[in-house]
Amino acid sequence: MSTQNIDSSSLVLVSEVYPDNIVVVPVENRPVFPGLSLPLMFGGKEVVRSIEHAIEKEKGYLGVSMVRERDASVKGASDWYPVGTLMKIYKVLKKEDDQIHVFAQAITRFEYVKEVMRAGIRHWQVNYDYEEAGPPSNEVKAFTMAVIASVKDLIKLNPMFQEQMRLAVTQVGTEKPGLLMDLVASFLSAEGHKLQEILATFPLMDRGEKLLLLLKDEIEVSQLQQDIQKQIEERVSKNQREFFLREQLKVIKKELGLEKDDKTSELEAIEKKVKKLQLSEEAQKVVEEEMDKLRTLETGSAEFNVTRSYLNWLTDLPWGVYSKDNTDLKKARTILDQHHYGLEDVKQRILESISTIVRRGKVAGSIICLVGPPGVGKTSIGKSIADAMGRQFYRFSVGGMRDEAEIKGHRRTYIGAMPGKLIQSLKRTGVANPVIMLDEIDKIGASYQGDPAAALLEVLDPEQNSGFLDHYLDVRFDLSNVLFVTTANQLDTIPAPLLDRMDVIKLSGYILEEKLEIAKRYLLPKQRREHGLKASEVSISTSALRMMIDNYAREAGIRGLENQIKKIMRKATLELAEAEVGKVRVSAGNLEDYLGAALFSTEELYKKALPGLTLGLAWTAMGGATLYIEAAGIKGAGSGLKQTGQLGKVMQESAEIAYSYVRGLVAQDPVMKRFFEEHQIHLHVPAGATPKDGPSAGITMALALYSLAVGRPVKKGLGMTGELSLTGKVLPIGGVKEKTIAAKRVKVFELIFPAENRKDFEALPEHVKEGLSVHFVEYFDEVLKIALP
């Protein structure tokens, strides 16, 4: 640092030693105090150019002043603090295009007078601070001593300041109070604007006073920091002490034989489970290998937890554990009759399957698939099968399943790997011969993660499932004793290889009389219980139930009927709670007060029979249905056939076959022939918003066209179904039971079926066939004799 010896008897102007005009560059965050030698880094092309000018043209003298706002663009002197520090650059450490590192010494304070631009470089005209030589006054010395005392207190609390502060106090001392104060201030962690206040304070006593205030704040912060550190250390030391004591206690207990470590306990628990199981030879070998591996692993390692989880899954499975089957078929029949009304053909098929299992002593080959519309009781029948056989029951849905790993498990290389649903179900039931229901098998999906339907081929194949291999277990497990029951709404979407492995049992739905009995025996008592009501508090008459089934719940199942009964029960609980009545009685007369307007009306959409109007019978995934077919002739539009009603491709082809056949049929009659030549025929199937498809509407469409051509209406109350060929042959159709039930549901009692479906109709239960007049036809001319007598 450059110094000048100044005689105390005379004043020497600083401007004679230091330049009056200096290059000035900005600094951020905190100011630079005189007396320090330190490396500095500056950024920005303009600043680098200014520093280079100072080094080359102005003997390395450079002024630094702190900007008022960080990261703000510096435009004029008003953006800077007016008091800064004169620096002397001794060395350029590193230089880049827009950055420069220098080593410099801070010499003295200066104060801004005015701004001057020279050679495009910012210069300030400044006045320098000058401290009088000679010993300090007693007042200044007192402030200096107070600063030194505060520094010593700070050193005790914060060792981080120890070296710098000790150096400043010992080497500078009280002889140079200004330099001491500046050095102490430069080491403080105070905010930049507070340090700038000290830099801008020229009188030593005022500077000392402000510095003492900052030192006091620093001491308080350090004290608080020390208290926090002490609390943390106490907490940590307490936890460490407890940890060491617990570890010592474990060792002592282990030595005395009072307690075992975690690994030993785990191994003993697994060995205990293994002794109770009848493991296969392969499983036994794998368990022994994994246990040997577990003994060598540390309990804290990730591999230990993976191996332990694997062994727990392996030993939690019911190897050789079987529940005893119920061999009393009378008891099985009683259980099925208790749980389900009607469905005699279904119960008969189930009992046949159970009797075969009992006779053979094993399940192999018996995989039941229950197919029917929603709400007919497929899931509850599966539960009843388990009850009838005395077996555990587990159900899971495969609808929407897209990942093969859901069936066959994840490989153990993945984090969070688990066995598939089948192995999980065996663990849950605790036996190796439960009844497992795979619900909604017709809605199973496929994705890039695999095809679950393909994975089920192994599961549902009696020849393969005796050695089912789950990816997680990687050990074969015998599933041949499991009775699999699957459910579906339709068979079309089930892959053929999967369907081939199953024994299909169809549940077609319920007619009005069956629904009435189910409501009386099961639904009403159940809903009374669930709503906290007694039979003495709410009653629904038989006529009200009939009206409810006919006008509010016509679907094949009973779910809609149950929802309507729930609605009545909710309103009944409200009436009873408000003490409006002592007992709620629901009859046909007041049913609309509880359920609102009827959802369905009788299928007689047309009060009188019209030419070109016929009633057909259809099958849907929701059960049987009836639909009208309308035909109209538009004169003057030319000949041809127009079809509406969202008809599918197969149904459109049926309409074209019917049109061609009827035109050929009436070709010998000049009047009817002229009708087709002069009229465009419009064929419509309501409702227009519902997509329809299938081949069984052939004779219905042909009859509508013929009825329109001859101008005679079809006999009222007649329903029909059958596929028509171009030669007039009536071909067989499917869904006879569903279509018959649908006809009875809408009070249509005269039906036409293809002759080849006679055997299907005769196989129907007597209560379904009762009251029906059925005609079986081979050719379309027979249809005409019945429909247009």
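Analyst: Helix H15 is largely enclosed by the rest of the structure, because six of its eight residues are buried. Buried means under 20% relative accessible area; exposed is over 50%, and partly exposed lies in between (1.4 Å probe, protein chains only). Helices (H or I, at least four residues) and strands (E, at least two) are DSSP runs, numbered from the N terminus. The model is predicted: local features need pLDDT of at least 70, side-chain atom pairs count only at pLDDT 80 or more, and totals for chains, interfaces and linings use all residues. Residues are numbered from 1 along each chain as its sequence is written, and side-chain values use heavy atoms, with hydrogens and water left out.

The buried residues of H15 are Pro-452, Ala-453, Ala-455, Leu-456, Glu-458 and Val-459. Their cover includes helices H13 (405-408), H14 and H16 (496-499), along with strands S9, S10 (468-469) and S12 (483-488). Contact here means heavy atoms within 4.5 Å.

Glu-440 lies in the loop between S9 (435-439) and H15 (452-459). Its phi is positive, near 55°, in a residue other than glycine. Most residues other than glycine have a negative phi. Glu-440 counts as partly exposed because its relative accessibility is 26%.

Ile-441 is found in the loop between S9 and H15 as well. Its relative accessibility is 0%, so Ile-441 counts as buried. What does Ile-441 contact, leaving aside its neighbours within four places in sequence? The partners are Val-398, Leu-456, Leu-460, Thr-486, Thr-487, Ala-488, Ile-494 and Leu-498. One of them, Leu-456, is among the buried residues of H15. Asn-489 is 48 residues from Ile-441 along the chain, yet their C-alpha atoms are separated by 8.7 Å.

H14 is part of the cover of H15. Helix H14 (residues 421-429) has its own buried residues: Leu-422, Ile-423, Gln-424, Ser-425, Leu-426 and Thr-429. Just after H14, Gly-430 takes a positive phi of about 80°.

A second case of positive phi sits elsewhere. Ala-119, in the loop between strand S5 (99-118) and strand S6 (121-128), has a phi near 55°. Ala-119 counts as exposed because its relative accessibility is 67%.

Next, helix packing. Helix H21 (residues 649-665) and helix H23 (residues 698-710) pack at an angle of about 45°, with axes 8 Å apart. Axes are lines fitted to C-alpha atoms, for helices over the stretch in contact, and angles run from 0 to 180 degrees between N-to-C directions. H21 and H23 are therefore oblique to each other. Angles under 35 degrees count as roughly parallel, over 145 as roughly antiparallel, 65 to 115 as roughly perpendicular and the rest as oblique. On the H21 side the contact uses Met-651, Ser-654, Ala-655, Ala-658, Tyr-659, Val-662 and Leu-665; H23 brings Gly-698, Met-701, Ala-702, Leu-705 and Tyr-706. Ten of these residues are nonpolar, two polar and none charged. Ala, Val, Leu, Ile, Met, Phe, Trp, Tyr, Cys and Pro count as nonpolar, Asp, Glu, Lys and Arg as charged, and the others, Gly among them, as polar.

H23 also meets helix H22 (residues 670-678): their axes come within 9 Å and cross at roughly 110°. H22 and H23 are therefore roughly perpendicular. Met-672, Phe-675 and Phe-676 of H22 make this contact with Leu-705, Tyr-706, Leu-708, Ala-709 and Val-710 of H23. The contact residues divide into eight nonpolar, no polar and no charged.

Last, the aromatic rings. Rings of Phe, Tyr and Trp (its six-membered ring) pair if their centres lie within 6.5 Å; planes under 30 degrees apart count as stacked, over 60 as edge-to-face and the rest as tilted. The count by this rule comes to 15 aromatic pairs. Tyr-18 and Tyr-61 are edge-to-face because their planes stand at 70°, with ring centres 6.1 Å apart. This pair links distant parts of the chain, 43 residues apart: Tyr-18 in the segment before strand S1 (21-27), Tyr-61 in strand S3 (residues 61-66). Tyr-661 and Phe-780 are also edge-to-face, 5.6 Å centre to centre with 85° between the planes. Tyr-661 is in helix H21 and Phe-780 in helix H27 (residues 780-787), 119 residues apart. Trp-80, Phe-110, Tyr-112 and Trp-124 form one aromatic cluster.
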